[in-house]
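Welcome! Take a moment to look over the sequence and the 3D picture, and then we will walk through them together.

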Amino acid sequence: MIGLETPLQFLKGVGPRRAADLLRVGLATVEDLLYRFPIRYEDRGSFATISTLRPGASASIAAEVVGCGVRPTRRPRFRIFELLVRDATGSLRAVFFNQPFLADVFRPHQRVILFGKLELTSHGLQMQNPQYEILKAEADVQPDAAPLAAEPEEDTLHTGRIVPVYEKTGTLTPKMQRAIVHRTLAEVPPDIPEPLPADVRARQGLIDRRTAIHDVHFPSEGTAVEQLNAFRTAAHRRLIFEEFFLFQLGLVLRKRRAEADLKPRSVVITDEIREAVRRILPFRLTGDQKKVIFEIVKDMERPQPMNRLLQGDVGSGKTIVALMAAVVAMENGFQVAFMAPTEILAEQHFITIRRLLESSRFRIALVTGSTAAKKRREVQAELSGGSIHLVVGTHALVEDPVGFRELGLVIIDEQHRFGVLQRASLRSKGVHPDVLVMTATPIPRTLALTTYGDLDVSVMREMPPGRQPIKTTVRPEDRRQEIYDFVRMQVDAGRQTYVIYPLVEESEKVDLKAATEMADHLAQDIFPQYRVGLLHGRLKQDAKERVMGAFARGEFDILVSTTVVEVGVDVPNATVMLVEHAERFGLSQLHQLRGRVGRGQHQSYCMLLYQYPLTDDARERLKALTDTTDGFEIAERDLALRGPGDFFGTRQSGLPTLRVGDVLRDHDIMEAARREAVAALDDEKQAETLAAFVRTSWEQRFGLVGVG
Ligand code: ADP
Ligand code: MG
């Protein structure tokens, strides 16, 4: 008898050799195999016939190979593999680009299935780079797996019905997987464990697990192919829900666990404290700022540690909100740690905070990677002694053996730049401290439930008064002169300009050279009358600070920089953001860069220079930027363009590894799963069983780490 946890090598027809192949693509157990769903379904009950094929459409055909061969082309190293096939109604050419190894795959008289798009070329109608499957091929028979390929069911499994098509990985072909899955399903007993509570299943109208697992691979007759390919059959819904439900159980449990640990003490608000907070304010708060500080202080007063995410578009004024929270904590005798993702930003926060706290009794310090060892030891001693009240820093804060006397509040700026782990280790330097994380990359609604399901969320959409919307223009390279003229006008009027160069990791050196040369070129040839500064990541920290400080004080008119200024930098007199090679940047990144201007009372401009060739995606990105300045909308569009995996750009972003669900496509199911997970854990009868289940499998399964 086999179960879901049975290693694949114990399956009939899968010997040690094939089991090793499967393991190499991440499939160890029966469950791994069965939860690797088809990527699409093909209706092979009714193949198109060759005579009915039309250009522009995709089709699958069943045919016989007539001949094949590799054809060289005029372009060196570019080869075309040609395949001629026929069925009862006619013959068709299929071509494959740069896959000469196919010469070892195809031979005359094979029965094949081709799926692909038809193009009308000068050679007539042909299929380009089709997906293929060879119905009868001796190569499939491995010595230790002989029964697998020799099954009589073979033909009815791969044709004459709706067949599942799997992603080809390594040596595992779609056809092999289909056969192994089919065989496995025949052996899996009817009563596999059911993780979903019965009432949840009933409420959500979900079919049982065993049926779902079968149908998702081999749909019963009459299932619509469209529904299958939309991943919306009853089987899909059931299994996607299952995955999301378990995931949400873990998130909700994590949140409840965090709330179960009470703070040693919570803050108290008095009239004096209110007055102390008011004294640091350099301006009147916006309505949203007031709303959010109210939410934060309410959390701080509670006995449970705060776990709040503050989302606010670039320039909405998050820093002052964080500082107000810090003052509340310090007035209550707590220490505060304020972490920023870059040294430039940490330095800038340090300067701002020092200025605003000048007349207070609080002492603050800065710790970054380039703080000298001696200075660092001094700060450490003062932090553990309690004579420093607030420390601003980079991740060096986490790495140092820094100990606090009584760390009560942890603030993390631009949280999306940090891994979950760093968040956790800073928190662990206090005893259940309050945690406030801030981000200017709004989390699209569709992702919020997934990534930040264990945080409370505050949102600031309102901008400080007097801001004019930034004007964005997109220009090709050949309009460069116009843009230079415009920069001149602005600088002559007393404003400042950023010129940004992309710095792509693979070619960091080349780009750095480009940025350096550009700075020289601008300084000497284009703007000899202006003061031009250069900033990039390779500069020593004190050099960076000097350049940034000089720009902030207005000692440079133009700052040529790589994206190191991307987050957080605040120079209100800068009104032009000129981005070179804008086509190379991501959408959110461009939005962040644009957020560096428009921070004062002057009309500001974002100018995006691009070079051809422009991909469709790049065109979309540039268009999105001219369409809107709303960070929330930009985030939604970015997500749609890039997909959730790439959205945050970092691996440790807090996105779960999902096997079957897709947070975008299946967002409605995620919402339902969230509701049911909360309800299930509220029900004492089943809460313990569910919690135990999650504890054993959750973190490993979803690749997420506990927050602390
Ligand atoms: P972000 O949310 O991008 O971190 P900052 O906190 O850097 O934004 O604030 C952007 C700019 O707006 C700063 O110069 C800050 O001093 C200013 N600012 C913030 N809040 C207000 C306000 N209520 N009124 C006027 N200016 C404000
Ligand atoms: Mg900021």
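A polar contact is a pair of N or O atoms within 3.5 Å. Keep in mind as you read that this is a predicted model.

**Around the ligand**

| Residue | Part of the residue | Distance to an oxygen atom of ligand 1 |
|---|---|---|
| Gly-317 | polar backbone atom | 3.1 Å |
| Arg-467 | polar side-chain atom | 2.6 Å |
| Arg-599 | polar side-chain atom | 3.0 Å |

On its own, ligand 1 has 560 Å² of accessible area, and the protein covers 85% of this. The shell around ligand 1 is made of 17 residues, with Gly-315, Lys-318, Thr-319, Arg-467 and Asp-570 being the closest.

**A look at Gln-126**

Now find strand S6, which spans residues 124-128 and includes Gln-126. Is Gln-126 buried or exposed? Gln-126 counts as buried because its relative accessibility is 4%, and the cut-off for buried is under 20%. Beyond its neighbours within four places in sequence, Gln-126 has contacts that include Leu-92, Arg-93 and Val-95, as well as Lys-117 and Leu-118.

**How confident is the prediction?**

The chain has a mean pLDDT of 86, and 90% of its residues reach 70 or more. In residues 138-152, however, the pLDDT is below 50, and the model gives this stretch 24 contacts beyond near neighbours in sequence. Residues 649-653 also have a pLDDT below 50, with 7 such contacts. Where pLDDT is low, the predicted coordinates should not be read in detail.

Key. Residues numbered from 1 in each chain as written. Chains lettered and ligands numbered in written order. Predicted model: local features only at pLDDT ≥ 70, side-chain atom pairs only at ≥ 80, totals over all residues. Heavy atoms only, no water. Near = heavy atom within 4 Å. Polar contact = N/O pair within 3.5 Å; in protein donor to acceptor, adjacent residues only side chain to side chain. Areas by Shrake-Rupley, 256 points an atom, 1.4 Å probe, with all protein chains shown as cover. pLDDT = per-residue confidence, 0-100. Contact = heavy atoms within 4.5 Å. Helix = DSSP H or I, 4+ residues; strand = E, 2+ residues; numbered from the N terminus. Buried < 20%, exposed > 50% of the residue type's maximum accessible area, 1.4 Å probe, protein only.
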